[in-house]
Amino acid sequence: MSTRRRRQTRATVGIAMVAAAGLLLAACTTSDGDTGGAKPAVLPKTLVFSPLSLAPPALKGLSEGVKAYAGSKGWEVIVQDPNFDAAKQTQQLNEVLDSGRAGAAWVIAVAPQAMGDTLKAAQAKGIPILVNGRPDEYGYSGPQPGITFDYIDYTAAGTALGEQMGKCINAKLGGNAAVLYGTGAAGSAGKNEIDAAAKAALLKTAPNAKIVSTIIVTDRAQSQTDIGNALQGNPNIAGVMATNDEGTLGALGAYDAAGKALPCAIDFGGNDEVLGDVKSGKIYASVALQFQADMTQSFDTLVKMQSNPKANGDVLVVPAKVVTAAG
Amino acid sequence: MTLPTGTSGTVVPSSDGAAEPHPAPAAHERDSASVRWLIFVRDRGIFVLWILLLLLFSVWAAPYFAQVKNAILIANAASLTAIFAAGVAVGIICGVLDLSIPGVAALASCVCGLLLHHHQPVWMGLLLGLLIGVVVGLVNGLISLRGFNPIIVTIGTLSITSAVAAIIAGGYTIPGLTQLKFMGTRRYDGVPAPVWIAAALFVILTVFLTQTREGIRLMAVGGNAEAVRRSGIHSNRYKVVGFVISSFCAALAGLVTTALVTEASPAASPGVIFTALTAVALAGVSLGGGRGSLPRVAVGALVLATISNGLTIKGIDPYWGTGVTGVLLLGSLSLERWISMTVSNRLIATAQASVHTGTR
């Protein structure tokens, strides 16, 4: 073996030893952290906010609201963007929980059933965590230590949606009307509950109203096109109720394009544009989710949990309010 | 001794191994006629399919389907898909698949929306939106020419354009863009603006591809870039032109979508690529490049819109529409492949017979 070769070999071995020592040290450090398991003496005032994605304006708005509200209380907010990727979401959360930076976490889970290990890790580290959804969606039968559940009551929302449509038909159309129902795609959150409740409530409030067409609302342009097509097949459709803002706004566009008036438009969601249309009378009513109120109740709950992260968390409901032109 | 012939009229050896010329002028004519028929089905099958669908829905969804008003609805619904599909088709014809289309559409939409939101003139918003399409296409093309895989390059620009759209819009939609209604919901001679825009685009691009030297070369580059290069034509330049046209169409479609819903959205919807690709594949555009027809692509978009319209009018569960489209797509691909192979086999058989027997 030449001198040069021996030097190269020695250098390689040296680098390998240093790397191995480094890995060993890192492993020991991690191991210490894990086995310790005890919560830090004082959790940092840092909130990790992990929504489904930052692409939807509603979630972007929520993240801005969380940052502003938490900031006003002296908290720092780390906003993550899993971009609808469940694996990415759990990976990002595990990283920040392991880093020791997180004092609390708020997660709108892409796949609740994939969150089990992350929730256990947060519980083990004593970091309070709030997840959107009901306990059963995460495999629990009820409240859990260190975890607060915050869910949208889709049954109540569907009931309000159907009732408002019924009221509008009774008030404006003499109790008789053909209705188009815009619903979410298969597998979307709460679809079964809201569909069943909305239809049952409509039948109860306006027994002579009939849903003559159902469309899947994916985006506003597509719903505008689909509702235009449905209107061609059922020119007498006088009511549209949709389980999201895109469906209701698409309906307004479709009726506008067809040169027709839509007497009864009912919405579930309640974004700013929808609320403006409610005020101007284009939309009869919106079952508006009160994200601002939900944001403050969620954050305040997390702050409260920090003082006793081993106690059972709450099961909260996202507040919703029926908004009409009258207020 | 008579010579047995195959079903396609080809010559086969007799039992003693000798081959005799087949007195086959009639069979030859039959071959030619069947080949011509198969080629007709391959090239015009999409038109036949569309007519069949129209007839089917006219009966099934009577009386609402077969109306002028509904024809306009179908054309309007198809126009957006058609504009996206035109860009995808031109790209594929010249050998490039541009995946940045949703991002370019979102970016053009948001830039235009932002300018209008700040009370800038409409023409400026539209011009800048379209210019963005041209610039992104240029960037895609120039990077790809440096040896990078165009699919990866356009995935990169999809991410960049989507991110820039979200950044400039602050992550929110920009609503209330009623200034654009003139190219959205407004009708001219009873026909919605998007239909006029799509029609104009298709006429221009079809004339370009079929009647101009540059267009014909662009198609040739998709068929065999190396052969084109060896014939002294600067093939790279045409690839860049393909990217530019593709991105330009995406930007135009983004602006038309914005006009239709009077709202600019930073969310890039990858679904538009799949819908456009479905229309392109239904139209029989060769995914290998070099062959395709834009009028057929327009009919491909009309087929998709017709299925959706007919099923919605009948109140059929919307999931069926997606399934039917998939079945049609697979069916058309299988048919296209079967026809191409059958035509090739028959032409080869005819050529062999001609060589070996001297009769055909």
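Start in chain B of this predicted model, where Arg217(B), Leu218(B) and Val221(B) of helix H7(B) meet a group of residues in helix H9(B). On the H9(B) side, the partners are Ser235(B), Tyr238(B), Lys239(B), Val241(B) and Gly242(B). Sort the residues of this contact by class and you get four nonpolar, two polar and two charged. H7(B) covers residues 213–223 and H9(B) covers residues 235–261, and their axes come within 9 Å, crossing at roughly 100°. Angles from 65 to 115 degrees count as roughly perpendicular, so that is the label for H7(B) against H9(B).

Now hop over to chain A, and look at how it meets its neighbour. Here 24 residues of chain A are in contact with 26 residues of chain B. Which elements of chain A give two or more residues to that side? They are helix H2 (57–72), strand S7 (210–216), helix H7 (220–233) and helix H8 (245–258). H7(A) gives the most, with ten residues.

Domain 1 takes in 46–153 plus 291–318, while domain 2 is 154–289. Their C-alpha centres lie 32 Å apart. Where the two domains of chain A touch, five residues of domain 1 are in contact with seven residues of domain 2. The domain 1 side of that contact has four nonpolar residues, one charged residue and no polar ones.

Next, pick out the sheet in chain A. Six strands form an open sheet, and if you walk across it the order is S2-S1-S3-S4-S5-S11, with parallel pairing. At the edges sit S2 (76–79) and S11 (315–317) of chain A, each pairing on one side only. From one strand to the next, the twist averages 20°.

For a close look at one pair, take S4(A), residues 129–132, and S5(A), residues 147–151: they pair in the parallel sense over four bridges. You can trace one of these links by finding Asn132(A), whose bridge partner in S5(A) is Asp150(A). Helix H2(A) packs on the sheet, touching S1 (46–50) and S2 of chain A. The direction of H2(A) makes about 160° with that of S2(A).

Conventions
Residues are numbered from 1 along each chain as its sequence is written. Chains are lettered from A and ligands numbered from 1 in the order in which they are written. This is a predicted model: local features need pLDDT of at least 70, side-chain atom pairs count only at pLDDT 80 or more; totals for chains, interfaces and linings use all residues. Domain bounds come from an automatic or database domain assignment. Ala, Val, Leu, Ile, Met, Phe, Trp, Tyr, Cys and Pro count as nonpolar, Asp, Glu, Lys and Arg as charged, and the others, Gly among them, as polar. Two strands pair if DSSP finds at least two bridges between them. Axes are lines fitted to C-alpha atoms, for helices over the stretch in contact, and angles run from 0 to 180 degrees between N-to-C directions. Angles under 35 degrees count as roughly parallel, over 145 as roughly antiparallel, 65 to 115 as roughly perpendicular and the rest as oblique.
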